Amino acid sequence: MKKNKERKRQGTDEYLLKYELFKSNAFVLINKMIQLCNKTHGSQHLVDEICYSIFFFGQIFDPNGNLNIYPKDIFGDDQTFIEKLSSKYNKPFEYFHSQTSTERPLPRRSPFSCVLDMFVLQNGPEDEIQIRKSLEDLVNELKDMNLNLEKKFLDFKKGEPEENKQCLEFKKDLDKKKQDLDEKKKDLDEKNKDLDEKKQDMEVTKNKLDVKNENLNFEKECLDLEKKNLRLEKEIWKKKDLDLRREKKLELVSTVICVSKYKNSEKHYGVSMSTTSLNAGRIVIAASCLSGYWNKYVADAVMTYYPEQNQKKNEKKKKKDYFDGTFKLPESISCKAYHITKRTEMNPCISCRNLFGLKEWENNLKEWENNYGNCAEAECLSNLLLDVSLEIKPEQHTYNPEDRENARASVETVLKNTLKTVHFKWNGEYYPPQTQRP
Ligand SMILES: [Zn+2]
């Protein structure tokens, strides 16, 4: 009973922390975009779009529909700021300022894609180094902010910070081991004493006793070493935990960037989806497919694996049996994905191999737990294929307009049901950024 209560309390804390993180990350991202917009000609539509996308995620933040996040929750009591912002980007505010639930359009993509577009526009598509560096700096800034926020939140809750709790347990464990060692040492001392007495008594066996003493010393050294190892282990454990936490607490932020190029084309980019839940991801992926944001080939490939209505949540993702729009990317297209902050190149995951025939360069059989289409590769290849005219031949014969329509209809049905689950009333349209691209 007590355990259940404890679990419930922890669940609520985790949830409230997620809520705080969402609000502050949303605030920082929108502010950053406004600053960048002032320095980047023709980028207003990106601020407009990120506002809409973030406000949308605020609406579906709570799976039960009890705790919606509105613009005023993100910007606090600063009325002048809200007024200034909402006069410039009036549509997103109009749609989301009221608490009464009205029908609204869906965003075509997740918020961080707008940030990527902003950096590409600011630096020019060929400056890959600067684009990746800008993203890395921003993500690191958010990661550190989130860590601090989490600490403050836990202190505020007056509960024992989780990290401390774990440390305390570790310390307790260590103390116990130390006690054991002390006891062993006492034993050894006594044995030594015995030996000393015996030594006095029996001069004859002196040599034998020396050997024994040596053994005991050796044992002591071993115990010291064990102590040292424990200390080291604790340090490693602490560092690992911190890395994990920095990674885990990201809201609205992508972890991977992808870069692609075809012959003499410009470089094109994409980021992994920055959504707040599996349902949110599913909604945005469907919107990217159906709204025309994604290039036709990419949308068709992703729709091939989009879950069917009767598919169970934990069931392995599978192809539709009536439609196959997957394709093999031509050798002439390069496509590389990198972890934004670690900068390491990422091996294409199973879904990217299934969708676009990307080749793995390291054996990796782990299936991505995210939805198909979540990866940076999808957005990146879509941007490239929208730019270069290249005929892509889907793999299978089951690719004809009728089957395609059936697949689209199936995706839309699942989308509508998912929207019902998260209590979002959709007007059947997709949000067009107000100031169009230059
Ligand atoms: Zn992937």
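Residue numbers start from 1 along each chain, following the sequence as written. Because the model is predicted, local features need pLDDT of at least 70 and side-chain atom pairs count only at pLDDT 80 or more, while totals for chains, interfaces and linings use all residues. The helices (H or I, at least four residues) and strands (E, at least two) are DSSP runs, numbered from the N terminus.

**Two helix pairs**

Let's begin with the helices. Their axes are lines fitted to C-alpha atoms over the stretch in contact, and angles run from 0 to 180 degrees between N-to-C directions. A crossing is left-handed if the near helix is turned anticlockwise from the far one by less than a right angle, and right-handed if clockwise.

| Helix pair | Axes come within | Crossing angle |
|---|---|---|
| H6 (residues 111–123) and H7 (residues 128–156) | 9 Å | roughly 140° |
| H10 (residues 278–290) and H14 (residues 401–421) | 10 Å | roughly 145° |

H6 passes H7 in a right-handed crossing, whereas H10 and H14 cross in the left-handed sense.

Which residues do the meeting? Residues count as in contact if their C-beta atoms, placed from the backbone, lie within 7 Å. On the H6 side you'll find Val-115, Leu-116, Phe-119, Val-120 and Asn-123, facing Gln-130, Ile-131, Ser-134, Leu-135 and Leu-138 of H7. That contact is made of 7 nonpolar, 3 polar and no charged residues. For the classes, Ala, Val, Leu, Ile, Met, Phe, Trp, Tyr, Cys and Pro are nonpolar, Asp, Glu, Lys and Arg are charged, and the others, Gly among them, are polar.

H10 brings residues including Arg-282, Ile-283 and Ala-286 to H14, where the partners include Arg-408, Val-411 and Glu-412. By class, the contact of H10 with H14 has 8 nonpolar, 3 polar and 3 charged residues.

Now for the strands, which pair if DSSP finds at least two bridges between them. An open, antiparallel sheet is built from 4 strands in the order E3-E2-E4-E5. E3 (268–271) and E5 (345–346) are at the edges with a single partner strand each, so one side of each has no neighbour in the sheet. Helix H13 (residues 376–387) packs on this sheet, touching E2, E3 and E4, and its direction makes about 150° with that of E3.

Within the sheet, E2 (residues 256–262) and E4 (residues 333–339) run antiparallel, joined by 7 bridges. Tyr-262 sits opposite Ile-333 in E4.

Elsewhere, strand E1 (residues 104–106) pairs with E6 in the parallel sense over 2 bridges, and Arg-104 has Trp-426 in E6 as its bridge partner.

Technical notes:
Contact = placed C-beta atoms within 7 Å.
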